[in-house]
Amino acid sequence: MSLLEIRDLKKHFRVGGGLLSTAGTVKAVNGVSFAVGEGETFALVGESGCGKTTIAKMVLMLERPTSGAILFDGEDLASMGSAGVKAYRRQVQTVFQDPYASLNPRLRVRTIIAEPILAHGRPERATLRKRVEEVLDVVGLPKTAADLFPHEFSGGQRQRVAIARALALNPRCIVLDEPISALDVSIRAQILNLLADIQERFRLTYLIIAHDLALVEHFSTRVGVMYLGNMVEAGPTSEVFAHPRHPYTQALLASVPRPDPDHRPPADAIRGEIASAMAPPSGCKFHPRCPHAMPVCNTEFPGWRNLGATHAAACHLLELT
């Protein structure tokens, strides 16, 4: 059974309608479905504006879905009462992209980590102090770090504090929003190794939002490729990276730089600019940029086609094979 399940999720934003603009609807997420098993890492990838972060916000209950359902351990978030929501928020935590912006500069680390614990109960002072020191030790920081302010740490150390805060409530699932993109290249591997060790130790489930395909290939179990609010391909990371079947996935992977001076990426792999989410193209949303577009792509939205037990893609080309 999946720990986290997304069913036909949609999020539409009403924008404009002022004196200088006309009203419109941004279809940020438009019918996305996937499931994340307990203890695995599911990555959402795609260009900026494709809907990845909006999905993460809905999972974190920071945004309400327009339609569709989010299920956690088989229970629909929309049907949870206040006690259920509070329990859910204990079990699902997040680590944000920028450790310089996600930590309150006016609070000591002890208070930063203790805040979520105090939001869900009133433990004794000795118990609270012990828990703060425990999670600091888990992320590789000394006990003395608890008495310091965020500005006294490096970027990598701040991200360790953010991870410690996420662990404070013993969650089952952590949403990782670009967890290493704001860090120096020299310490990214350290944070990834830390996240992997923590996942194995506590059997955590990760939902990761990422642009870095090398990170996704190394770190995730399964991957979902997003384009303009829709998921176009999903499956085991090793299989999707080795045998991408959707033209957009192929274009993304072809754009990854390689340490080979003789390698030349295909010049026509992807062209043009991503369309507006307020006025998406008809049919397949990728067809204006696709080098393999056919007439049917202009008018009909492609359905999902299974390419194996767990690999699937939405593309009319697959109906010809």
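A crossover between two strands is right-handed if, with the strands pointing away from the viewer, the path from the first strand over the helix to the second runs clockwise. In this predicted model, strand S7, helix H6 and strand S8 make such a right-handed β-α-β unit. Strand S7 covers residues 173–177, and helix H6 covers residues 185–202.

Buried here means under 20% relative accessible area. Six of the six residues of S8 are buried, so the strand is largely enclosed by the rest of the structure. The cover lies on both faces. Thr-205, Leu-207 and Ile-209 are buried on one side, and Tyr-206, Ile-208 and Ala-210 are buried on the other.

Two strands that pair with S8 can be followed next. S7 and S8 pair in the parallel sense over five bridges. Within this pairing, Ile-174 stands opposite Tyr-206 of S8. Strand S3, residues 41–45, also runs parallel to S8, and five bridges join the two. Here Ala-43 is set opposite Ile-208 of S8. Tyr-206 and Ile-208, the residues of S8 named in these pairings, are both on the side of S8 that holds Ala-210.

After H1 comes Met-61, which has a positive phi, near 65°.

Conventions:
Residues are numbered from 1 along each chain as its sequence is written. This is a predicted model: local features need pLDDT of at least 70, side-chain atom pairs count only at pLDDT 80 or more; totals for chains, interfaces and linings use all residues. Side-chain values use heavy atoms; hydrogens and water are left out. Buried means under 20% relative accessible area, exposed over 50%, partly exposed in between (1.4 Å probe, protein chains only). Helices (H or I, at least four residues) and strands (E, at least two) are DSSP runs, numbered from the N terminus. Two strands pair if DSSP finds at least two bridges between them.
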